[in-house]
Amino acid sequence: MRASESTYKNVAKHCSAYSAKDCCKNTVSNKSGDVSVSCTTCKHFSDDGKKHCKLDLFDPIVADHNF
């Protein structure tokens, strides 16, 4: 999954499973509207180069909200 950073932010703001990575917990908060909330700062987001949600929630959220 490759998306724009604005899409990653919008999806994260609407994701009930968003949880900040340990390295990011002091700078982001769930569903707060904080601009730092993003799929890329979520512990469920894979950093292995494939860039995908390990819980497979990205596509359903995009579809539900028409991002």
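**Entry 1: Lys21**

I began with Lys21, which is placed in the loop between helix 1 and helix 2. I worked on a predicted model, in which local features need pLDDT of at least 70 and side-chain atom pairs count only at pLDDT 80 or more, while totals for chains, interfaces and linings use all residues. Residues are numbered from 1 along each chain as its sequence is written, and side-chain values use heavy atoms, with hydrogens and water left out. For helices I took DSSP runs of H or I of at least four residues, and for strands runs of E of at least two, numbered from the N terminus.

Is Lys21 buried or exposed? Lys21 counts as buried, because its relative accessibility is 15% and buried means under 20% relative accessible area, exposed over 50%, and partly exposed in between (1.4 Å probe, protein chains only). I found that the side chain of Lys21 reaches the backbone oxygen of Thr40 at 3.1 Å. I then listed what Lys21 touches, not counting residues up to four places away in sequence: Thr40, Thr41, Cys42, Lys43, Phe45 and Asp47. Contact here means heavy atoms within 4.5 Å.

**Entry 2: The chain as a whole**

I noted two helices and zero strands in the chain. Of the 67 residues in the chain, 33% are buried. I also looked at contacts between residues at least 6 apart in sequence, and 51% of these join residues at least 24 apart.

I turned to Ser46, which lies in the loop between helix 1 and helix 2. Ser46 is buried, with a relative accessible area of 5%. The side chains of Ser46 and Asp48 are joined by a polar contact of 2.7 Å. A polar contact is a pair of N or O atoms within 3.5 Å; within protein, one must be able to donate a hydrogen and the other to accept it, and residues adjacent in sequence count only if both atoms are side-chain atoms. Leaving aside its neighbours within four places in sequence, I recorded Ser46 in contact with Lys51, His52 and Lys54.

Lys51 is also found in the loop between helix 1 and helix 2. At 34% relative accessibility, Lys51 counts as partly exposed. I marked its phi, which is near 50°, a positive value in a residue other than glycine. Most residues other than glycine have a negative phi.

**Entry 3: Helix 1 against helix 2**

How do the axes of helix 1 and helix 2 cross, and within what distance do they come? The axes of helix 1 (residues 5-14) and helix 2 (residues 58-65) come within 10 Å and cross at roughly 90°. That makes helix 1 roughly perpendicular to helix 2. Axes are lines fitted to C-alpha atoms, for helices over the stretch in contact, and angles run from 0 to 180 degrees between N-to-C directions. Angles under 35 degrees count as roughly parallel, over 145 as roughly antiparallel, 65 to 115 as roughly perpendicular and the rest as oblique.

I listed the residues that make the contact: Thr7, Tyr8, Val11 and His14 from helix 1, and Phe58, Ile61, Val62 and His65 from helix 2. By class, this contact has five nonpolar, three polar and no charged residues. Ala, Val, Leu, Ile, Met, Phe, Trp, Tyr, Cys and Pro count as nonpolar, Asp, Glu, Lys and Arg as charged, and the others, Gly among them, as polar.

I examined Val62 of helix 2 and found that it counts as buried at 19% relative accessibility. Not counting residues up to four places away in sequence, Val62 touches Thr7, Val11 and Phe67.

Asp64 lies in helix 2 and counts as exposed at 62% relative accessibility. Asp64 and His14 are 50 residues apart in sequence and 9.9 Å apart in space, C-alpha to C-alpha.

**Entry 4: Asn66**

I looked next at Asn66, in the segment after helix 2. Asn66 counts as exposed at 67% relative accessibility. Although Asn66 is not a glycine, it has a positive phi of about 55°.

**Entry 5: Cysteines**

How many disulfides does the structure hold? It holds zero disulfides, a disulfide being a pair of cysteine sulfur atoms within 2.5 Å. The sulfur of Cys39 is 6.8 Å from the closest cysteine sulfur, in Cys53, which is too far for a bond. Cys39 counts as buried at 10% relative accessibility. For Cys53, the closest cysteine sulfur is in Cys15 at 6.2 Å, again too far for a bond. Cys53 counts as buried at 18% relative accessibility.
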